[in-house]
Amino acid sequence: GSAVGQEPKLLELITSWVKEYSKVPVIVKLTPNITDINRPGEAAKRGNGDAVSLINTIKSLITVDIEDFVPYPKVGGRSTNGGYCGPAVKPIALHMVASLARNENFGLPISGIGGISNWRDAVEFILMGSTTVQVCTAVMHYGYRIVDDLRDGLSDYMDRKGFKSVNEMVGKAVPNFTEWGELDLDYHHVAEIHPDKCINCNLCVVACEDGAHQCISVKPEIRLAPIVDEVECVGCNLCELVCPSPGAITMRKTKRLTYAGH
Ligand SMILES: Cc1cc2nc3c(=O)[nH]c(=O)nc-3n(C[C@H](O)[C@H](O)[C@H](O)COP(=O)(O)O)c2cc1C
Ligand code: SF4
Ligand code: SF4
């Protein structure tokens, strides 16, 4: 599946053969081991597939035994690629589902798969354009009982948001997903540190110093909590992400500042 799924012409041909003889709808399962999911997706459509499902597992090498130099999983002292799946692949799967959902040349129903473990994940896939969702790893891990949790959570969410059917939710977030060049490039926000919630661990200082724009400093003569230079801050969020104290750093929308004040 992975090999022919990487070659759109073969995918189209095989889909058309299956369609010729199938008495049930044909859902073409797409591999993520490609550069652009739109090419196999459009090939499935050209082959008259009724729908697509994605993603299958991602080729991977999970870890290497550094004592005997054999990667895992070991099979008689050697190894081969594995299939990455579960929560780690959700962002990749969501991106691929979204790419097809916003492709005007596509238009087939999408069954979303990849790291779905709870009702929120399922809702995200539906909002990004999936008409159905599938779960593999989470069922292997926790059993079919999680389907009840998925159903209950989805039902509560739909009541809260006033959705009468899943169809009303499908693709709701797709119009808000676009190319970066189409974003508001004047949008700017800066980090703000709230001294009352800060525990003075300085993790934000290190993160900004070594991983961002060197604009958080410690000035105990002014205050214990670190201080952000808002002119230099590019709003990358890194400090907010590493901060262990909830609410100690928030991002504030602002005009782009310069030292000259304009
Ligand atoms: C052990 C295992 C075996 C799988 N076997 C198949 C398979 O035979 N055919 C297939 O299309 N996908 C297979 N998959 C891929 C899953 O159907 C699914 O596409 C992928 O794991 C991503 O979903 P998940 O994150 O919910 O596991 C397998 C996955 C796992 C973990
Ligand atoms: S948002 Fe980024 S640049 Fe701004 S202070 Fe935090 S880490 Fe530094
Ligand atoms: S990471 Fe958070 S808690 Fe730690 S010093 Fe920075 S703002 Fe304070």
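This is a predicted model: local features need pLDDT of at least 70, side-chain atom pairs count only at pLDDT 80 or more; totals for chains, interfaces and linings use all residues.
Which residues come nearest to ligand 2? Of the 14 residues around this ligand, they are Cys208, Cys233, Cys236, Asn237 and Cys239.

Now turn to ligand 1. How do the residues of its shell divide into nonpolar, polar and charged? Here there are six nonpolar residues, six polar and one charged. The shell holds 13 residues, and those that come nearest are Lys29, Ile55, Gly86, Gly115 and Thr137.

| Residue | Part of the residue | Distance to an oxygen atom of ligand 1 |
|---|---|---|
| Gly115 | backbone N or O atom | 2.6 Å |
| Gly86 | backbone N or O atom | 2.8 Å |
| Asn56 | side-chain N or O atom | 3.2 Å |

How much of ligand 1 does the protein bury? Taken alone, the ligand exposes 610 Å², and the protein buries 62% of that.

Finally, step back to view the whole chain. It is divided into domain 1, covering residues 2–176, and domain 2, covering residues 184–253. How many Å separate the centres of the two domains? Taken over C-alpha atoms, the centres of domain 1 and domain 2 are 37 Å apart.

Methods. Residues are numbered from 1 along each chain as its sequence is written. Chains are lettered from A and ligands numbered from 1 in the order in which they are written. Side-chain values use heavy atoms; hydrogens and water are left out. A residue is near a molecule or strand if one of its heavy atoms lies within 4 Å of it. A polar contact is a pair of N or O atoms within 3.5 Å; within protein, one must be able to donate a hydrogen and the other to accept it, and residues adjacent in sequence count only if both atoms are side-chain atoms. Accessible areas come from the Shrake-Rupley method with a 1.4 Å probe; for residues, only the protein chains shown count as cover. Ala, Val, Leu, Ile, Met, Phe, Trp, Tyr, Cys and Pro count as nonpolar, Asp, Glu, Lys and Arg as charged, and the others, Gly among them, as polar. Domain bounds come from an automatic or database domain assignment.
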